[in-house]
Every structure is written in C-alpha cells, then in structure tokens.
Amino acid sequence: MTVADIVKRAGIARNTFYENFSSKEECFLATQEFAMSAALERVVAAAGSLDEWPFRVRAGLGAFLDYVVEEPALSRTCMVEALSAGPAAVRYYEESQQAFVSLFRLGRDVSPHGADLPETLEEAIIGGVFWILYQRLTASRPEAIPELLPELVEFALTPYLGAEAAGEVATAEIPGGIETASAG
Amino acid sequence: MRDSANQSVESPEYPPELARLPPGRHGLPREFVAHNQRERLIAGLAEAVAENGYAGTTIAHITRHAAVSRRTFYEHFSSKDECFVAAYDTVMEELRTRVGEAFDQEDEWPQAIRAGIAAMLGFLAAEPHLARLSMVEALVAGPVVVERYDSAIQSLVPYFQAGREGRSKEILAGLSPTTEEALVGGMVSLISRRIFADRTDELESLLPDLVEFTLTPYLGSAEAAKVARG
C-alpha cells in the first residue's frame with residue numbers, strides 16, 4: 001500500500017495527506033489510535049453499565065466483538081496488518097492490549113483463588129481472544145465473530161470462576177445491559 | 001553446481017571463524033559442500049536479520065555472515081525472501097521436532113504438555129536470533145511466511161486437543177470448539193511479546209504460568225497449578 005492508494009480511496013489530494021501526516025507510517029499509527037480508542041470507549045460503556053464483574057466482562061467482550069463486526073476494515077488494520085507494519089505499529093498493538101488487562105484483573109477479587117492466579121493470566125487471556133479474532137479476520141469471516149461471544153466469555157472467565165460458573169455466565173439471560181450492548 | 005565454496009572461503013574479506021569449512025582442497029563430496037553452503041546461508045540470514053531486521057537485510061549482509069560468494073547465494077536461492085522462507089522452515093522444523101519429542105517422552109498428558117512447553121521455551125531462550133526470526137521478523141517477511149506462521153501456531157492445537165480424551169462430561173461441556181486455539185494464541189502472545197521486547201532471558205520463567213493457563217480448562221485450576229509447579 002502506498003500514499004497514492006490512501007489518497008485515492010480517501011478522495012483527497014496528495015497535498016492534503018501531507019498536511020495531516022508526514023508519512024504512511026504516521027497515518028497508520030493514527031488509524032490504530034482512532035480505532036482502538038473507539039473500541040475501548042464502547043467496551044468501557046458496556047462494561048460500566050453492569051455491577052457484577054463476570055457480566056461486565058461479558059458485556060465488554062460483546063461490545064468489542066460488535067465493534068469488530070461493524071468495522072471489519074479498521075479491525076483488520078489494527079489486529080492483522082498492524083503485526084506486519086513495523087515496530088511502532090507492533091508496539092502500539094501490544095500496548096493497546098494492555099488496556100484490557102485492568103478490566104480482567106478485577107476478577108482476582110471475586111475469584112476464590114484470586115491470590116494464586118499466575119501473574120501473566122490477563123495477558124494470556126487477551127492474547128487468546130485477539131488470536132481468535134485474528135484468525136477470523138484473516139479468513140475474511142467477520143460475520144462469524146458475534147457467535148463466538150459465549151465461547152470467548154467462557155474461555156476468559158474459567159481461570160477465575162471455574163468452567164461451570166463461567167459457562168453459566170456465558171449463556172445466562174440478562175435483562176438490560178447485554179442486549180443493549182449487542183444491539184448497539 | 002559449481003564448486004564455489006573454495007573460492008569463497010579463500011576470499012580474504014571473510015573472517016576465518018565464519019568459514020565453517022576448512023579452506024583449500026578439503027576433498028569433501030560436492031553434495032555435502034552444497035548442503036553445507038545452504039546451511040551457512042541460512043545461518044547467515046539469521047545473523048543478518050538479527051542485526052538489521054528483515055527489511056534492512058540485504059543479500060550482501062547474508063553472504064558476508066555466511067562467508068560465501070554472491071554467486072553461491074544465487075545458486076541456492078533466487079531472492080532474500082526465498083532464503084528467509086528456507087530459514088523459517090528450518091527453525092520451525094527444529095522446534096517442531098523438539099516439542100514433539102519432549103511431548104512423546106511423557107506418559108501422562110499434563111506432564112507431556114509441560115515438557116512440550118518447556119522444550120519450546122528452552123529452544124527459543126537458547127537461540128534468541130532464531131526466536132526473533134521465527135516469532136517477530138516472520139510477520140514482516142511477506143504473505144508466504146505469514147501464512148506459514150499462522151499454520152505453525154495452529155499446528156500446536158492437536159497437542160491440547162489430546163487433553164479432551166477421557167475427561168468427564170462436565171469438563172467436556174466446559175470446552176468449546178475454539179478453546180485450544182485460544183489457549184495456543186494466548187501462549188504464543190506471551191512468548192512473542194517478550195521476544196519482541198528483546199527479553200528472551202525471561203522466556204523460561206514463563207513455564208509455570210503457561211502450564212497452569214493451558215491446563216486449567218481440562219484439570220481445573222488447583223490441579224493445573226500443581227502440575228505447573230512441577
């Protein structure tokens with residue numbers, strides 16, 4: 001991809017591009033920042049609408065998957081192309097995953113064995129979720145993403161709550177919050 | 001194939017320690033020399049990529065590290081990309097073999113998983129250049145390598161799927177079709193993040209965390225933690 005490709009798609013002049021960005025790389029980083037903050041905003045809003053941590057995780061993940069499906073091109077840029085777009089893009093990709101760590105870490109307070117959980121658990125859970133989404137996005141099957149929600153919720157909650165309780169949260173009917181997040 | 005090894009190792013610009021074949025008329029069979037040159041080029045690429053990154057690596061860098069001539073390079077590979085693919089495949093083959101052997105040596109599945117992960121971390125920690133080549137640079141080396149990278153990660157899935165065998169109905173109900181993919185993805189992300197940050201010395205200390213993380217869905221966290229601690 002070249003700057004020429006970008007300005008053609010954007011329908012703007014080459015000059016305009018360089019008034020905003022000094023290079024393709026800078027434009028790429030701005031795209032990552034834009035998409036990741038938009039996605040995080042949705043996650044925080046959805047998770048914040050609920051009280052109990054397991055349901056907050058479910059709502060937050062749901063909002064994230066919804067964003068990915070609504071913005072497949074942006075998501076592909078941030079979750080697939082970013083990995084091959086040079087060190088700055090990879091660093092941003094890594095750092096943006098860290099934003100999710102704090103949401104998951106709260107689970108240690110509600111887990112019966114929270115104090116014994118591995119230090120790197122949240123990093124691994126988020127890495128696993130991102131890898132599943134990477135797979136679906138490279139296979140160009142974003143439409144298959146929303147149906148992954150129960151599986152991903154169960155995967156993310158099992159280390160904290162055990163498989164049984166995690167499964168219940170993944171499939172339970174919750175009036176209000178979740179439905180709003182999925183529809184939104 | 002031309003016998004260009006003699007010519008290259010006699011060249012004064014190559015430091016003798018890089019020439020892994022003795023100079024002069026060594027009388028080795030031609031196929032052996034050719035094979036050895038290929039290995040040297042692959043090793044040379046790994047060193048050059050560690051030094052300059054994939055994008056910054058030139059064929060001159062590779063041939064200098066391999067201590068062979070440019071002509072020899074082109075007798076084996078048509079481009080830098082092709083040489084990278086060969087290097088990537090060589091590293092992954094080695095990794096696959098070590099992981100497979102470690103896994104097969106254990107009778108019990110949880111211990112086999114532990115042994116397999118330990119073998120992977122041990123190899124990557126001992127070979128930081130190859131770790132970087134296979135887990136970081138591979139992603140910028142073009143679609144052919146990225147595709148191989150994706151399938152290399154997916155090829156770890158069956159090791160974990162084997163853990164479903166003989167589990168109770170309750171445990172199986174808690175596993176989804178994507179459980180293994182997510183576990184493998186989580187494990188690889190922990191590993192590659194440390195390689196990306198040049199912290200390969202931390203890799204082996206990840207063993208207990210990774211074992212507990214990957215075994216928990218099958219054994220529950222208490223039992224998984226026990227295996228993790230060894």
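Predicted model: local features only at pLDDT ≥ 70, side-chain atom pairs only at ≥ 80, totals over all residues.

Chain B is helical, with 13 helices and zero strands.

- Read from the N terminus, the elements of chain B go α-α-α-α-α-α-α-α-α-α-α-α-α.
- Of the 230 residues in chain B, 55% are buried.
- Take the contacts in chain B between residues at least 6 apart in sequence: 66% of them join residues at least 24 apart.
- The largest nonpolar core has 125 residues, and the ones touching the most other members are Phe64(A), Phe84(B), Leu124(B) and Ile191(B). Domain 1 (4–77) and domain 2 (81–228) of chain B both contribute residues to this core, so it sits between them.
- There is also a second, separate core of five residues, including Val3(A), Ile6(A), Val7(A) and Cys27(A).
- Leu124(B) has several contacts beyond its neighbours within four places in sequence, among them Leu95(B), Ile191(B), Ile195(B) and Leu203(B).

**Where the two chains meet**

- Chain A puts 32 residues into the contact and chain B puts in 30.
- The interface of chain A and chain B has four salt bridges, along with 10 residue pairs in polar contact, both at pLDDT 80 or more.
- On the side of chain A that touches chain B, the elements giving two or more residues are helix 6 (87–105), helix 8 (121–138) and helix 9 (149–161) of chain A. Helix 8 of chain A supplies the largest share, 11 residues.

- Arg193(B) belongs to helix 11 (residues 179–196) of chain B.
- Is Arg193(B) buried or exposed? Its relative accessible area is 11%, so Arg193(B) is buried, as buried means under 20%.
- Setting aside neighbours within four places in sequence, Arg193(B) is in contact with Glu94(A), Gln97(A), Gln98(A) and Glu123(A).

**Other salt bridges**

- Over all chains, the structure holds 18 salt bridges.
- One of them joins the side chains of Glu181(B) and Arg136(A) at 3.5 Å, N to O. This pair crosses between chains, from helix 11 of chain B to helix 8 of chain A. Glu181(B) counts as buried at 13% relative accessibility, and Arg136(A) counts as buried at 12%.
- Within chain B, Arg148(B) pairs with Asp89(B) at 2.8 Å, N to O. The two are 59 residues apart, with Arg148(B) in helix 8 (residues 143–154) and Asp89(B) in helix 5 (residues 80–104) of chain B.
- Glu180(B) forms a salt bridge with Arg164(B), their closest N and O atoms being 2.8 Å apart. Glu180(B) is in helix 11 of chain B, while Arg164(B) is in the loop between helix 9 (157–161) and helix 10 (169–173) of chain B. Glu180(B) is buried at 1% relative accessible area, whereas Arg164(B) counts as partly exposed at 23%.
- Salt bridges with shared partners tie Glu94(A), Glu123(A), Arg193(B), Arg194(B), Arg199(B) and Glu202(B) into one network.

Definitions and conventions:
Residues numbered from 1 in each chain as written. Chains lettered and ligands numbered in written order. Heavy atoms only, no water. Helix = DSSP H or I, 4+ residues; strand = E, 2+ residues; numbered from the N terminus. Buried < 20%, exposed > 50% of the residue type's maximum accessible area, 1.4 Å probe, protein only. Contact = heavy atoms within 4.5 Å. Core = buried A, V, L, I, M, F, W, Y, C linked by side-chain atoms within 4.5 Å. Domains from an automatic or database assignment. Polar contact = N/O pair within 3.5 Å; in protein donor to acceptor, adjacent residues only side chain to side chain.
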